[in-house]
Amino acid sequence: MGERDGKGAGLQAGPRGWADLQVGPYIVAAGLAILVVAPPFLNSYWVGLFTEILIFAMLAMSLDILLGYTGLPSLGHAGIFGVAAYAVAVLSTSYNAGFWACVAGGVLVGTLLSAAFGLLVSHVRDVYFLMITLALGMVLWGLGYRWIPVTGGDNGISGIPSLEAHAGLPIEGAVPFYYVAFGVFFVCAVAMGLLVRSPFGFTLRGIRENETRMKSLGFNTWLHCYLSYVLSGAFASVAGVMWAYYNGYVSPTYLELTASSELFLMVTLGGPGTLIGPVFGAGAIVLLKNVISGVTERWLLILGAVYIITILAAPQGLWNLGRLRSRRAGLRASASQGTTA
Amino acid sequence: MTRIILLLLVLLVGAGEAVRGVRLQADPDRGPIRIGFLVPLSGGLAQNGRDILNGFLLYLEEIGYRAAGRQIELIVEDDEGIPAVGLTKARKLVESDRVHLMAGTLLSSSGYALAPYIDSMKIPMVYPVVSADDLTQRKRSPWIIRTGWTGSQPNHPFGEYAYHTLKLRRVATIALDYAFGWESVGGFQRTFEAEGGQIVQKLWTPVSVHDFAPYLAQISRDVDAVYALFLGRNALQFVRQYEEYGLRGRVPLIGQGTTTDEHVLPFMGDEAIGTITALHYSGALDTPANKTFATTYRARYGKVPSYYSESMYTGGKWSVAAIEAIRGNVEDRAQLLDAFRRVRPADLPRGPVELDSYGNPIENVYIRRVERVNGELQNTVIHTFTRVSQFWKYDPAAYLRQPLYSRRYVPSVTE
């Protein structure tokens, strides 16, 4: 029985047990194809949801650089995202700035902020990193909430022009905005993918696994963590700019702890350290929230159950589920081959 | 393998929903009148949201979910009290469910967030509760019909009442530190000081306040009354701690109507008795219309109606009156909007209401004192100001040239 299982799994998993490497690209390609082709055929509400998914996917991927690749759990990531959104809102409403000024301003403010915060957090690890980023996130929330002349306080800022009009695009609507968001998402995703596959990215993984060893090998781990934090903040800012244009509105709820922890869930649910996983995590959470809440009032209960089941069944996240299974199957296969040989 | 299955599942759910959306889109606009409804049903404001929904459901049940010969289909969504969520849900209601009109939402921030979207989609929306002044003042939105009130509206007459009838001269205020608090205190301060009174101290507490001890210790004992603005859990705790600090009996407590509104009053004890507040509704209002409403509401939900409950009972009645005025032809949104502005629904629990040209109700303001009647606390109406406009006695144009009430406006004499 065991032998048959082993053989079957061995065949499925291939000679080296990396089935995911063969299937993964197909899933990604299929996902991309759907994202490119489907929207014009969908109801505008669904196009909106897809746009939301893309924006949060970008944000979750940026957190994954920190959380999954560098091993730094940030609970203040929504803060940077929110500050970039606020920058767009303030520039476009109070200063009537043009489109490119708003985009550049949003990304720049978010990046500079993470460059400043990075100085405060890059020397700590684990739970201390969690606590300090949490505190910094709360500071940003407090600012958004109380710096009323600039942020409008609890009321937030409304009246951000639509991206299409602001950028001078000839067409308006949910679908054109979606394709802009998709373009931005694609560029960011490729950039992040290249980043984590670069020597720099491998160094980050090294730090995650064993920082002392990386240090003794001569790597400046502080600098790597710092740059990881800043780059992650820069990508989060891009997502923030898109979010501001998507909603045409900003409020302190973007900066709240709940926003950061939901983001954290997207990454852990999808699979930290994979980049693709957080995209699925973001998609799953946005869809679950919006679809289930339309069906039942007890949607929070269902969402909570989904989180718990995922954590129990796939502690490494959904995307890593298949990978672990196939790896284990591969190991079992080679072990059983060993016994039969 | 698992990954493929998961992916397929996600896609299936998405595709199914999308197809449903497309089908609805393809449907010609016949059949039921679809009303989208947004309130917080989870989170800290769930109870208030539930009250608003209950009032609406009660009215819809009364008319058998029918208006102008057409069936009414109500689609309820939870906005969690988060503006961005409210916006996503509004998109769902308008673009996927194809509702003919919308109603609801609770927080000013959600109200402001939805306004540009509502205008861009040209969909009439009833705001039964959102009280942010500027929604019908400096940032008017043509497609929003406010059937509720502005935060400062009951406080303008209340300021004069406090000076002339309650004979107060020096008052300290303590309020939640956000737009609703500023606008209420601002309105009270403006008329109270115009009559000759003085606000000698203004304290602001965060919305997330857990303990009033540090604030109560700061309150000046050398005042004629303390004006308080709280709601929900805050209101319960403030009134209790006000007594524990020995202030009750020494310094009378007055305030915005929400502080003793029926959504919290049943959970208060004797410490609330004697508190005088102003609002456009009281559960104990002694009119035939309100008695009928309060009795049926109590029979249906087992509790006394709050101003939140009344808000959407009236909002519902208003919507149906508008729908019937255009013979159910809700597809013509401009006509529907016009009907909303024109109709004057009769026999409302809160009394007669009409819209001013800025889209805000002109309605009665009741001065209420908490009393124990038949063993139950109630807001006994002790004075009625009839036909109070959001601009009170001021000229609207001149009023709008003043800044919006805020933490800094009206300025304190002590500052």
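## A buried glutamine

B:Gln256 is buried, with a relative accessible area of 0%. Buried means under 20% relative accessible area, exposed over 50%, and partly exposed in between, using a 1.4 Å probe and protein chains only. This is a predicted model, in which local features need pLDDT of at least 70, side-chain atom pairs count only at pLDDT 80 or more, and totals for chains, interfaces and linings use all residues. Residues are numbered from 1 along each chain as its sequence is written, chains are lettered from A and ligands numbered from 1 in the order in which they are written, and side-chain values use heavy atoms, with hydrogens and water left out.

B:Gln256 is found in strand β10 (residues 253-256) of chain B. Helices (H or I, at least four residues) and strands (E, at least two) are DSSP runs, numbered from the N terminus. A polar contact of 2.9 Å links the side chain of B:Gln256 to that of B:Ser184. A polar atom of the B:Gln256 side chain also lies 3.2 Å from the backbone oxygen of B:Gly151. A polar contact is a pair of N or O atoms within 3.5 Å; within protein, one must be able to donate a hydrogen and the other to accept it, and residues adjacent in sequence count only if both atoms are side-chain atoms. Not counting residues up to four places away in sequence, B:Gln256 touches several others, including B:Trp149, B:Phe180, B:Tyr227 and B:Thr277. Contact means heavy atoms within 4.5 Å.

## Helix α9

Helix α9 of chain B covers residues 288-301, 14 residues in total. Its first and last C-alpha atoms are 20 Å apart, close to the 20 Å expected at 1.5 Å a residue. The expected span is 1.5 Å times one less than the number of residues.

The buried residues of α9(B) are B:Ala289, B:Asn290, B:Phe293, B:Ala294, B:Tyr297 and B:Tyr301. Seen down the axis of α9(B), they fall within an arc of 120°, so they line one face of the helix. The arc is that of the directions from the helix axis to the C-beta atoms. These buried residues pack against α2 and α10 of chain B. The face turned away carries the exposed residues B:Pro288, B:Thr295 and B:Ala299. Just after α9(B), B:Gly302 takes a positive phi of about 70°.

## Strands around β3

Strand β3 (residues 70-78) of chain B pairs with strand β1 (residues 33-39) of chain B in the parallel sense, over 7 bridges. Two strands pair if DSSP finds at least two bridges between them. B:Phe37 stands opposite B:Val76 in β3(B).

Strand β2 (residues 66-67) of chain B runs antiparallel to β3(B), joined by 2 bridges. B:Arg66 has B:Gln71 as its bridge partner in β3(B). The hairpin of β2(B) and β3(B) has 2 residues between the strands, and B:Ala68 there takes a positive phi near 50°.

## Val330 in its loop

B:Val330 sits in the loop between α10 (307-325) and α11 (333-342) of chain B. It is buried, with a relative accessible area of 0%. Its C-alpha atom is 6.4 Å from that of B:His100, 230 residues apart along the chain. Among the residues that B:Val330 touches are B:Ile33 and B:Arg70.

## Backbone exceptions

Most residues other than glycine have a negative phi, and most peptide bonds are trans. B:Tyr65 has a positive phi of about 55° and is partly exposed, at 24%. B:Arg387 has a positive phi of about 45° and is exposed, at 52%. The peptide bond from B:Tyr409 to B:Val410 is cis, with omega near 10°.
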